[in-house]
Amino acid sequence: MIQSLRNLPALLFLACLLASSLFVANAQAYEMYGRWAGTYYYSDGRPPVNFTLEVITPGTSFYGQIIEPNTFGNSGNRFLYSDVDGQIYKDGSIRFYKYYDGSGGVSHMVQYDGWFTNHGIEGTWSVDNAWGDFVLYPE
């Protein structure tokens, strides 16, 4: 019994080292691919907007396209379209930029910063003096 207790600190150290290695390996597994359903919310209380993100080039550096209902552009367009360019980091955080393509007269850029959760991605978006929260879930 005493002999096995002498090895306890070394065993605990090895267990902690193994657990931290598993965490790092899992953190490197974050990727974006396929279709994602999202919603962004305004900090000023305007109604939330649902959107769909289709990832075209998957991986930790990804490219995609978003389609969303036209809630603030010219009234002649039913939808707004944008290109997305993003990066996923080893710690599970994510940053991407949404570039509106000019449809509906909208052509600005929006920055999104978030993190992966058990269900998808949560975070905040910002452009000029406007900002809010967003969520994204794989379909």
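Residues are numbered from 1 along each chain as its sequence is written. Because the model is predicted, local features need pLDDT of at least 70, side-chain atom pairs count only at pLDDT 80 or more, totals for chains, interfaces and linings use all residues, and side-chain values rest on heavy atoms, with hydrogens and water left out.

Strands here are DSSP runs of E, at least two residues long, numbered from the N terminus. Strand β4 (residues 79-88) runs antiparallel to β5, with seven bridges between them; two strands count as paired if DSSP finds at least two bridges. Four residues separate β4 and β5 in a hairpin, and Gly-92 in that turn has a positive phi of about 90 degrees. Across from Lys-98 in β5 stands Val-84, while Phe-96 has Tyr-112 of β6 opposite.

In a regular strand the side chains alternate between the two faces of the sheet. For β5, the covered face holds Ile-94, Phe-96, Lys-98 and Tyr-100, and the uncovered one holds Ser-93, Arg-95, Tyr-97 and Tyr-99.

Next come the charges. A salt bridge here is a side-chain nitrogen of Lys or Arg within 4 Å of a carboxyl oxygen of Asp or Glu, and the count comes to five. Lys-98 takes part in one of them, with Glu-68, at 3.1 Å between the closest N and O atoms. Glu-68 sits in strand β3 (residues 61-69) and Lys-98 in β5, so this pair ties together parts 30 residues apart in sequence. Buried means under 20% relative accessible area, exposed over 50% and partly exposed in between, using a 1.4 Å probe and protein chains only. Glu-68 counts as buried because its relative accessibility is 1%, and Lys-98, at 1%, is buried too. The charged end of Lys-98 also sits over the ring of Phe-51, 5.8 Å from its centre; for this, NZ of Lys or CZ of Arg must be within 6 Å of the ring centre and within 35 degrees of the ring normal.

Arg-95 is partly exposed at 32% relative accessibility, and so is Asp-113 at 22%.

Then there are the rings. Those of Phe, Tyr and Trp (its six-membered ring) pair if their centres lie within 6.5 Å, with planes under 30 degrees apart called stacked, over 60 edge-to-face and the rest tilted. A search of the whole structure finds 11 aromatic pairs. Phe-72 and Tyr-100 make one that is edge-to-face, because their planes are at 90 degrees, with centres 5.8 Å apart. Phe-72 belongs to the loop between β3 and β4, and Tyr-100 to β5, 28 residues away. Phe-72 is partly exposed at 34%, whereas Tyr-100 is buried at 6%. Tyr-112 and Phe-134 are edge-to-face as well, 5.0 Å centre to centre and 80 degrees between the planes. Tyr-112 lies in β6 and Phe-134 in strand β8 (residues 130-138), so parts 22 residues apart are tied together. Tyr-112 is buried, with a relative accessible area of 1%.
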